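Hi,

Here is the structure I promised to pass on to you. Have a look around it before you read the rest of this email.

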Amino acid sequence: MDVAVALSEDVGTGDLTTQQVVPADATCTAQILVKEAGVICGLHVAADVFHELDPDLRFEALAADGDSVHGRTVVARLAGRAAPVLTGERTALNFLCHLSGVATLTARFVSAVEGTAATILDTRKTTPGLRELEKHAVECGGGRNHRFGLYDAILIKDNHLAVAGSISLALKRAKDAGVPVQVEVDTIDQLREALDAGADSILLDNMPPDTMREAVAITAGRAKLEASGGVTLDTIRAIAETGVDFISIGALTHSARSLDVSLEVL
């Protein structure tokens, strides 16, 4: 993510408040304070924001990506000219609050499946322009990244099948690409067809746990199984206990609540 683009949305032609109120030569010290328990992610991006405005500003990170905090924790200190601190505050916190929120929510899902064989995955349901950062945040929370984009793996979904004609035909064509091929199925009959056609991985879309358990038994290790669709913290344990290999959750990136973080001038 180019922090200059993010800053331009907020600063535009200039920070009028700071320009009018704060003397150009004023200096300050400040701290970034996390006010609730969570997993930290994005301090390096916050530092980039401030350094875009003033390369000489001192930014001292007191935590690392993936660190857990337990409320009211100072995670960074700043010192230097006051104007860049005040101008960059909101943009830096927007990144830090959001990415830490993604990492924190991911950690909650990872904790919910502890002791099972299931791995938590993200999806492509990311904020445009922030995919790399959001997927990094998922990793900071203990999850793993699904494919990064349309170019690094094949996932044959229902709309592809509607055009291609059948699972078997779609898989036959996809195998020529020389990359892992996953197919989305809604029923046990589709699962059997995907297995017979040699799918590397099969996505079980919105299946109830009893059907997932049947799918695991039928598959018997011939392909990796991924559960997806409407997964919540209330339902994920039952899903994980069916024996699926992966559980993908779009909410990790599209619905994570921002962590409560503030910047305070001292």
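This is a predicted model: local features need pLDDT of at least 70, side-chain atom pairs count only at pLDDT 80 or more; totals for chains, interfaces and linings use all residues.

Six strands come together in an open sheet, and their order across it is 6-11-10-9-8-7. The pairing is parallel. Which strands sit at the edges? They are strand 6 (119–121) and strand 7 (154–156), each of which pairs on one side only. On average, neighbouring strands in this sheet are turned by 25 degrees against each other, ignoring direction. In case this is new to you: strands of a sheet pair through backbone hydrogen bonds, either parallel or antiparallel.

If you click on Glu-226, look for its bridge partner Phe-246 in strand 11.

**The core**

The largest nonpolar core has 81 residues. Ile-32, Val-183, Leu-191, Ile-202, Leu-204 and Ile-247 have the most contacts inside it. Helix 4 (residues 82–112) gives this core its largest share, 12 residues.

Leaving out residues up to four places away in sequence, Ile-32 touches Phe-59, Thr-73, Val-74, Val-75, Ala-76, Leu-78, Leu-93, Leu-96, Val-261, Ser-262 and Leu-263.

**Helix 5**

Next, find helix 5, residues 131–140. Its buried residues are Leu-133, Glu-134, Lys-135, Ala-137, Val-138 and Cys-140. What covers them? The cover includes strand 2 (37–39), helix 3 (43–53), helix 4 and helix 11 (251–254). A handy rule here is that an α-helix has 3.6 residues a turn, so residues three or four places apart point the same way. After helix 5 comes Gly-142, which has a positive phi, near 100 degrees.

**The cysteines**

How many disulfides are there? The count comes to 0. Cys-28 is in none, and the nearest cysteine sulfur, in Cys-97, is 18 Å away. Cys-28 is also buried, with a relative accessible area of 13%.

Happy exploring!

Conventions. Residues are numbered from 1 along each chain as its sequence is written. Side-chain values use heavy atoms; hydrogens and water are left out. A disulfide is a pair of cysteine sulfur atoms within 2.5 Å. Buried means under 20% relative accessible area, exposed over 50%, partly exposed in between (1.4 Å probe, protein chains only). Two strands pair if DSSP finds at least two bridges between them. Helices (H or I, at least four residues) and strands (E, at least two) are DSSP runs, numbered from the N terminus. Axes are lines fitted to C-alpha atoms, for helices over the stretch in contact, and angles run from 0 to 180 degrees between N-to-C directions. A nonpolar core is a set of buried Ala, Val, Leu, Ile, Met, Phe, Trp, Tyr and Cys residues joined through side-chain atoms within 4.5 Å. Contact means heavy atoms within 4.5 Å.
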